[in-house]
Amino acid sequence: MWEQHRSEQLHRTKMHTLNNTITTTTGSQDPNLDPIPDPDQFPNRNRNQPQSRRPRGFAAAAAAASIAPTENDVNNGNIAGIGGGEGSSGGGGGGGGKGKREREKEKERTKLRERHRRAITSRMLAGLRQYGNFPLPARADMNDVIAALAREAGWSVEADGTTYRQSQQPNHVVQFPTRSIESPLSSSTLKNCAKAAIESQQHSVLRNDEKLAPVSLDSIGIAESDHPGNGRYTSVSPITSVGCLEANQLIQDVHSAEQCNDFTESFYVPVYAMLPVGIIDNFGQLVDPEGVRQELSYMKSLNVDGVVIDCWWGIVEGWNPQKYVWSGYRELFNLIRDFKLKLQVVMAFHEYGGNASGNVMISLPQWVLKIGKDNPDIFFTDREGRRSFECLNWSIDKERVLHGRTGIEVYFDFMRSFRSEFDDLFVEGLITAVEIGLGASGELKYPSFPERMGWIYPGIGEFQCYDKYSQLSLQKEAKSRGFTFWGKGPENAGQYSSHPHETVFFQERGEYDSYYGRFFLNWYSQLLIGHAENVLSLANLAFEETKIIVKIPAIYWSYKTASHAAELTAGYYNPSNRDGYSLVFETLKKYSVTVKFVCPGPQMSPNAHEEALADPEGLSWQVINAAWDKGLQIGGENAITCFDRDGCMRLIDIAKPRNHPDGYHFSFFTYRQPSPLVQGSTCFPDLDYFIKRMHGDIRDKQF
């Protein structure tokens with residue numbers, strides 16, 4: 001027994017010596033050799049059990065990399081066997097603990113670096129949304145940024161990431177990283193310019209009778225898709241044929257493409273002139289028939305397509321509920337019919353004259369104002385309890401507070417009465433569209449900028465939700481979310497003429513972006529969307545098969561701030577990290593309405609823009625493209641009553657975008673004119689030019 005024990009001890013000593021010799025002489029263990037374990041380190045292991053082999057080669061290298069010590073571990077001697085001395089083997093346990101702590105610290109440093117990287121990305125995305133007008137989603141990543149940049153450059157990016165030019169089809173063209181026959185020599189451009197090319201007797205860009213040239217191998221990609229009824233490549237079009245491009249042909253086709261690309265000039269955009277307010281008095285009678293006839297004659301001489309007239313709720317149903325007086329409008333419409341002009345009518349459910357609108361004053365119906373004396377909460381109310389009489393509160397849309405009728409029932413009865421009274425004009429096609437007033441100034445917005453209460457441009461306005469009906473709705477919504485203390489409006493949103501940075505709610509990283517702020521703004525904007533849905537559903541019933549128009553405001557001041565404060569108080573939840581207009585247009589699309597966008601006023605000086613933090617061009621781009629992206633038609637209306645040639649050109653560029661890849665343009669334009677329009681006024685010559693450009697009768701090169 002003793003001899004066997006002695007033999008095993010000698011064997012262990014030899015093996016330990018051999019292992020130390022290999023490590024000392026080579027400096028590092030051969031990765032292709034198995035290490036020789038010390039049997040004493042595993043007292044519980046069955047020594048007769050065969051040892052499992054460790055991985056060799058690439059597998060061994062990968063395993064070694066996964067447990068490689070860090071630089072700090074090596075420097076501090078925290079790895080067992082490193083640092084020399086007899087204590088190396090004995091201090092392995094303590095060194096392993098230190099190494100674990102260092103690895104945990106490294107993980108924390110990695111997390112901090114990742115948070116820093118995400119913060120930089122967040123600021124980049126915010127800058128693109130705020131200053132580049134990119135409608136990026138709230139949780140955008142680099143893929144969203146690249147897709148937005150590609151679309152801005154004219155490319156199409158599908159949901160699965162497929163990217164291609166507008167003029168190409170992704171399933172039929174294979175793109176190579178070498179030079180290609182892109183626009184202006186693409187297939188779509190050739191089709192658009194085919195007629196012009198034939199008339200000018202230009203040569204074709206690609207010749208079918210020529211043989212394959214070596215230079216074209218890198219520039220032509222032929223699709224591998226099957227053609228219906230034939231094998232592959234049995235039907236070859238000129239664009240997929242192989243040919244050579246000569247220099248003179250290239251120059252000729254470039255010039256031809258430039259002429260064809262200016263296709264927006266040929267679009268016909270109808271122009272309607274808005275008749276001035278006041279031609280129908282408060283008793284529903286036409287004031288000056290001869291003056292109106294003369295004005296219609298001037299409009300006809302300008303080749304205006306039609307006119308727009310407001311049908312005021314406060315006049316027609318002004319004195320008694322459900323007693324409608326249409327006689328003055330019947331006389332006016334007969335005059336318009338005599339001049340063979342088209343007609344758009346506005347269901348005007350708002351007040352006129354409250355905000356520096358001249359001498360004409362048209363209030364809400366008198367019987368409504370009388371109800372408001374006993375129940376002032378039927379009107380919008382600000383935080384200090386001041387009432388706005390511009391329009392009815394949307395929170396009473398379904399409250400029976402108007403002599404037994406709800407708000408939407410009052411609107412529907414008015415629209416149904418108009419449709420019945422003028423049925424003959426609808427049948428003969430004289431009335432081409434009906435615009436539905438949905439808020440202050442006839443626009444879909446809250447009355448958050450009342451001049452009578454001290455608002456001065458570019459003030460942010462105030463929230464209009466402090467009446468009892470709106471507060472009950474807000475409290476109910478807060479309770480359903482489990483936060484009853486959210487059931488009140490903001491207390492730190494400033495005054496009507498405040499600037500965003502002066503308020504806690506709207507300042508940079510302010511309360512508008514907190515959990516409560518998001519909840520409140522979402523509820524506030526949903527009240528606007530719900531009102532539009534309630535009224536439009538009934539408008540479609542009243543005006544079947546007639547175009548319905550909804551006017552969208554241009555709230556472009558404070559647009560360069562992160563909060564977009566002025567838009568928020570008006571009901572559009574559209575901060576820099578959220579697209580608020582798309583949600584509105586989704587609702588409008590359900591009722592196939594046409595959007596009328598109030599185009600911003602004259603170009604302001606850079607200092608004025610900077611002081612107001614305004615961006616009219618950025619807002620116009622967002623609203624118009626959001627409507628087109630939802631498949632809606634869009635028309636326009638000027639915000640000022642008179643403009644010069646430069647003002648005309650700005651409106652034309654908005655209505656007929658140059659070289660739009662999809663050929664989008666306004667479906668009509670409403671010109672808000674000075675009152676009255678006379679032929680000798682300074683606006684008349686520029687208006688004549690404006691209409692001709694909208695009709696495509698002249699081009700910019702002719703002036």
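Leaving aside neighbours within four places in sequence, with which residues is Lys-468 in contact? In this predicted model, Lys-468 contacts Asn-375 and Asp-377 when neighbours within four places in sequence are set aside, contact meaning heavy atoms within 4.5 Å. Lys-468 belongs to helix H16; helices (H or I, at least four residues) and strands (E, at least two) are DSSP runs numbered from the N terminus. The relative accessible area of Lys-468 is 42%, which makes the residue partly exposed (buried is under 20%, exposed over 50%, and partly exposed in between, with a 1.4 Å probe and protein chains only). A distance of 9.6 Å separates the C-alpha atoms of Lys-468 and Pro-376, which lie 92 residues apart along the chain.

Residues are numbered from 1 along each chain as its sequence is written, and side-chain values use heavy atoms, with hydrogens and water left out. As the model is a predicted one, local features need pLDDT of at least 70 and side-chain atom pairs count only at pLDDT 80 or more, whereas totals for chains, interfaces and linings use all residues.

Eight strands close into a barrel with parallel pairing, in the order E3-E4-E5-E8-E9-E10-E11-E12; two strands pair if DSSP finds at least two bridges between them. On average, neighbouring strands of this sheet are turned by 30 degrees against each other, direction ignored. Strand E8 (431-436) is joined to strand E9 (residues 547-552) by three bridges in the parallel sense, and Val-434 stands opposite Ile-548 in E9. Helix H19 (residues 580-590) packs on the sheet, where it touches E9 and strand E10 (594-599), and its direction makes about 160 degrees with that of E9. Axes are lines fitted to C-alpha atoms, for helices over the stretch in contact, and angles run from 0 to 180 degrees between N-to-C directions.

H19 also packs against helix H21 (residues 616-629), at an angle of about 35 degrees and with the axes 9 Å apart. Tyr-581, Ser-582 and Phe-585 of H19 make this contact with Leu-619, Gln-622, Val-623, Ala-626 and Ala-627 of H21.

An unreviewed UniProt entry annotates Glu-443 and Glu-637 as "active site"; such annotations may be inferred rather than shown by experiment, and the positions follow the numbering used here, with feature names shortened. Although the annotated residues span 195 residues in sequence, no two of their C-alpha atoms are more than 11.8 Å apart, so they gather at one spot. Glu-443 lies in the loop between E8 and helix H16 (468-481) and is buried, at 10% relative accessible area. Residues up to four places away not counted, Glu-443 touches Leu-438, Lys-551, Pro-553 and Val-598.

Glu-637 is located in strand E11 (residues 634-638) and is buried at 2% relative accessibility. Beyond four places in sequence, the contacts of Glu-637 include Met-274, Lys-551, Val-598 and Arg-672. The side chains of Glu-637 and Lys-551 form a polar contact of 3.5 Å (a pair of N or O atoms within 3.5 Å; within protein, one must be able to donate a hydrogen and the other to accept it, and residues adjacent in sequence count only if both atoms are side-chain atoms).

Five of the five residues of E11 are buried, so the strand is largely enclosed by the rest of the structure. Ile-634, Gly-636 and Asn-638 cover one side of E11, with Gly-635 and Glu-637 on the other, and all are buried. E11 pairs with E10 in parallel over five bridges, Val-598 standing opposite Glu-637. Two bridges join E11 in parallel to strand E12 (residues 669-672), in which Thr-670 is opposite Glu-637.
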